[in-house]
Amino acid sequence: MSLELLILLATPLTGALTLGVLGARRFAPELNVGFSLLTFLAAGALAVRVVAAGQLLVAHEQFFIDAFNVFLVTLTALVGLTTAIFSRPYMRVELEHGRVRPLQLRLYHSMYQLFMTTMLVALTTNNMGLLWVAMEAATLSTVLLVTLYRTAASLEAGWKYFILCGVGIAQALFGTILLYFAAEHAIGGEGVSALLWTHLNGVKGQLEPAVLSLAFVFLLVGYGTKAGLAPLHNWLPDAHAEGPTPISAVLSGLLLNVAIYAVVRCKILVEGSLHSALPSQMLMGFGLLSVVVAVFLLWRQRDIKRLFAYSSIEHMGIITFAFGMGGAVANFAALLHMTVHSLTKSAIFFAAGHAAQKAGTQLMDQIRGLITLSPTIGWGLMMGSLAILGMPPFGVFASEFLILTTAMREQPWATPILLAALAVAFAAIFGRVQPMVFGETTAKRLPHPPALLPVFVHLGLVLGLGLYIPPYLADWYRAAARLIGGG
Amino acid sequence: MSAVPLTLQLLNFCAALLLLLSFAMLSQRRVVNLVNLLAVQGGVLLLATLLLAARTGQHHLYLSAALTLGLKVILLPWLLHRLIRRLGVYWDAEPLLNISGTMLVGVLIVVFAFGLAQPISQLASTATRNAIGIAVAVVLLSFLMMITRRKAMSQVVGFLSMENGLFFGAMSATYGMPMVVEFGVALDVLVAVLVLGIFFFQIREQFDSLDLHHLEALREEAAERGED
């Protein structure tokens with residue numbers, strides 16, 4: 001097993017145990033940041049190694065790292081680190097406001113690291129069964145975090161999250177069983193190896209199309225539920241709005257990405273077996289439906305975190321649609337969009353979290369004049385919203401532009417729908433954010449200075465990606481896009 | 001059809017029993033009995049796994065049978081019974097659809113499930129391929145139970161029964177998943193029940209009841225009115 005990978009997976013796991021044992025010490029948040037930093041460094045080292053030496057297949061082929069997932073691993077570790085930095089003052093304020101007890105903070109820190117472990121295992125594993133196990137474990141580790149505040153609304157959100165994702169993920173298990181069945185049929189009683197993605201990818205041409213198309217339906221519905229695709233998106237806004245903000249940031253920035261990753265891995269296999277446009281059409285259909293549903297629901301939101309949760313559904317829809325179109329450009333754009341969405345959305349949640357803390361409410365009507373009280377929070381929220389709405393020169397503009405132009409060329413019927421949806425989303429979100437940032441202030445001072453560095457680091461990266469994608473990064477995206485295209 | 005071996009006949013009998021148990025669960029309103037039915041379902045699953053192991057000589061099936069015995073027959077029902085006693089939930093409320101209506105829908109679901117499983121059964125080379133349709137039916141019937149019940153506890157029993165159905169499906173189509181996956185799934189199920197246990201206490205602390213009616217405030221309309 002490669003050392004980098006071992007450190008990458010062992011660090012958050014050790015962190016979960018250590019923080020669980022140590023409990024609610026004063027330095028627990030710092031320790032959380034420390035473990036996240038180590039994870040990030042390991043992810044960086046792993047990325048360097050994979051970029052230099054090509055893909056990696058280790059631990060009896062149980063772990064597989066290629067250009068596609070190593071970029072998501074790095075992104076996951078980065079957002080994990082910045083969220084840990086953000087959560088340090090944020091959770092201390094929550095503690096002093098009496099919303100959480102010290103004992104709950106222990107659970108929070110431990111589960112945060114466990115969640116990171118499950119995300120990283122899901123991304124790096126080569127075994128489709130383990131991927132399923134890790135995805136389910138990710139739900140379980142965050143259910144109790146969504147209900148951390150023990151309010152009626154948060155309990156409801158947690159229950160919805162558990163049951164909907166549980167049922168969804170059960171569909172994915174059935175899909176995985178069908179996949180295993182088809183593989184065993186093709187490879188012939190090799191047992192364990194029949195669930196390894198690399199083996200499946202090797203024989204995908206021989207897999208039985210009838211079974212695989214059925215499997216794909218179940219896998220898409222299952223992992224799609226996790227990614228917040230309509231019509232099974234109901235859990236997402238509740239879980240995002242009722243849990244602590246750092247959890248909203250990692251759910252939106254990381255969990256959704258990993259779920260999309262699982263869908264794409266399945267799509268590569270199924271496409272190779274079916275030789276038809278069925279998987280692409282299904283992805284495009286679900287993607288477009290999610291975009292439209294989310295955009296209409298955006299109008300009705302009054303809670304700041306729910307607003308941006310619906311925006312996450314919209315963006316997951318766009319990404320799914322782009323992967324559905326396929327082809328080098330669309331895949332490239334989808335990967336770029338995953339990156340910039342994850343960075344921007346977590347930055348917005350950081351800013352929105354501090355704003356809600358200052359105003360003492362998440363209701364947008366009652367948050368006013370952020371700019372006079374804290375220019376950094378105000379500008380952070382404003383810039384973040386502009387970035388997520390696809391304003392140039394931010395990176396979201398670049399990826400959405402690529403997706404739209406590809407759609408015009410390949411799926412012209414979808415372009416007006418996408419454009420209209422983006423316009424509606426702009427009106428809905430900008431109309432809400434503008435009075436929150438400017439206008440009369442109502443907010444109060446916080447006992448701990450907010451950590452705004454992560455907000456601007458993320459937005460800076462997104463801005464950078466919008467202006468200039470460094471050649472090595474572009475190569476990396478292209479290599480990943482090629483992998484997804486099956487080349 | 002004269003020379004169907006005894007083990008195979010018994011296996012098919014187990015499959016039929018599982019389907020029957022699913023219907024029994026649909027019609028049952030006492031939560032304690034639901035958990036007992038779940039334990040019996042686990043027992044039948046155990047028997048089926050042992051028969052299959054004896055027939056095919058696949059050793060990992062014995063391990064998986066041991067896992068079933070420990071988890072599904074003993075540990076989970078015990079945990080659920082403990083929860084029921086501590087929380088004092090014995091009866092489910094009138095389901096959203098009355099029992100006879102649910103049963104009728106259930107019959108239609110079974111027909112649909114067999115249709116769905118047709119292409120898989122034709123390809124399967126396992127001895128138990130006829131059982132795949134039943135496994136799909138069990139999964140869908142559990143799903144139906146989760147939709148029609150109001151009490152959190154019944155929904156959880158539905159969830160676990162769905163997992164049993166999936167397990168049976170994996171067994172009859174492919175003689176079970178690789179061991180590492182099976183262990184992972186079992187671990188997830190166990191953790192899920194533990195998490196739910198904690199969760200139930202939180203819900204009760206908040207609402208003094210486990211009726212999911214209380215958990216309906218967070219719809220869009222409520223969010224619009226600005227309720228927290």
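Visitor: Where does Pro231(A) lie?

Guide: This is a predicted model, and in it Pro231(A) lies in the loop between α8 and α9 (235–242) of chain A.

Visitor: Let's switch to backbone angles. What's phi of Arg150(A)?

Guide: Phi of Arg150(A) is near 60°, which is a positive value in a residue other than glycine. You'll find Arg150(A) in the loop between α5 (128–146) and α6 of chain A.

Visitor: How many C-beta neighbours does Arg150(A) have inside 10 Å?

Guide: There are 16, so Arg150(A) counts as partly exposed.

Visitor: What about His275(A), what is phi there?

Guide: Near 55°, again positive in a residue other than glycine. His275(A) is in the loop between α10 (245–274) and α11 (278–298) of chain A.

Visitor: Is His275(A) buried or exposed, and why?

Guide: His275(A) counts as exposed, because it has 9 C-beta neighbours inside 10 Å.

Visitor: Now Phe218(A). Which helix is it in?

Guide: Phe218(A) is in helix α8 (residues 209–226) of chain A. Phe218(A) is buried, because 21 other C-beta atoms lie within 10 Å, and the cut-off for buried is 20 or more.

Visitor: Which residues is Phe218(A) in contact with, leaving aside neighbours within four places in sequence?

Guide: With those neighbours set aside, the contacts of Phe218(A) are Gln171(A), Ala172(A), Phe174(A), Gly175(A) and Leu178(A). Leu178(A) turns up again in the largest nonpolar core, as one of the residues that touch the most other members.

Visitor: On to helix packing. At what angle do α3 and α18 of chain A pack?

Guide: Helix α3 (residues 67–96) and helix α18 (residues 453–467) of chain A pack at about 150°, and their axes are 9 Å apart. That angle makes α3(A) roughly antiparallel to α18(A). On the α3(A) side the contact is made by Thr82(A), Ile85(A) and Phe86(A), and on the α18(A) side by Leu453(A), Pro454(A), Val457(A) and His458(A). By class, that gives 5 nonpolar, 2 polar and no charged residues.

Visitor: Over to chain B. How many helices and strands does it have?

Guide: Chain B has 8 helices and 0 strands. Of its 228 residues, 44% are buried. Among its contacts between residues at least 6 apart in sequence, 75% join residues at least 24 apart.

Visitor: How do α1(B) and α5(B) pack?

Guide: Helix α1 (residues 6–27) of chain B and α5(B) pack at an angle of about 15°, with axes 10 Å apart. That makes α1(B) roughly parallel to α5(B). Their crossing is left-handed.

Visitor: Which residues of α1(B) and α5(B) meet?

Guide: Among those in α1(B) are Leu11(B), Asn12(B) and Ala15(B), and those in α5(B) include Ala131(B), Ile134(B) and Ala137(B). The contact as a whole has 13 nonpolar, 3 polar and no charged residues.

Visitor: Last topic: how many residues of chain B are in contact with chain A?

Guide: On chain B there are 38, in contact with 43 residues of chain A. Helices α4 (99–123), α5 (131–148), α6 (152–174), α7 (179–207) and α8 (220–225) of chain B each supply at least two residues of that side. The largest share, 13 residues, comes from α7(B).

Visitor: And how do the residues on that side of chain B divide by class?

Guide: They divide into 26 nonpolar, 7 polar and 5 charged.

Conventions: Residues numbered from 1 in each chain as written. Chains lettered and ligands numbered in written order. Predicted model: local features only at pLDDT ≥ 70, side-chain atom pairs only at ≥ 80, totals over all residues. Contact = placed C-beta atoms within 7 Å. Helix = DSSP H or I, 4+ residues; strand = E, 2+ residues; numbered from the N terminus. Nonpolar A, V, L, I, M, F, W, Y, C, P; charged D, E, K, R; others polar. Buried ≥ 20, exposed ≤ 12 C-beta atoms within 10 Å, placed from the backbone. Axes fitted to C-alpha atoms, helices over the stretch in contact; angles between N-to-C directions. Parallel < 35°, antiparallel > 145°, perpendicular 65-115°, else oblique. Core = buried A, V, L, I, M, F, W, Y, C linked by C-beta atoms within 7 Å. Left-handed = near helix turned anticlockwise from the far one by under 90°.
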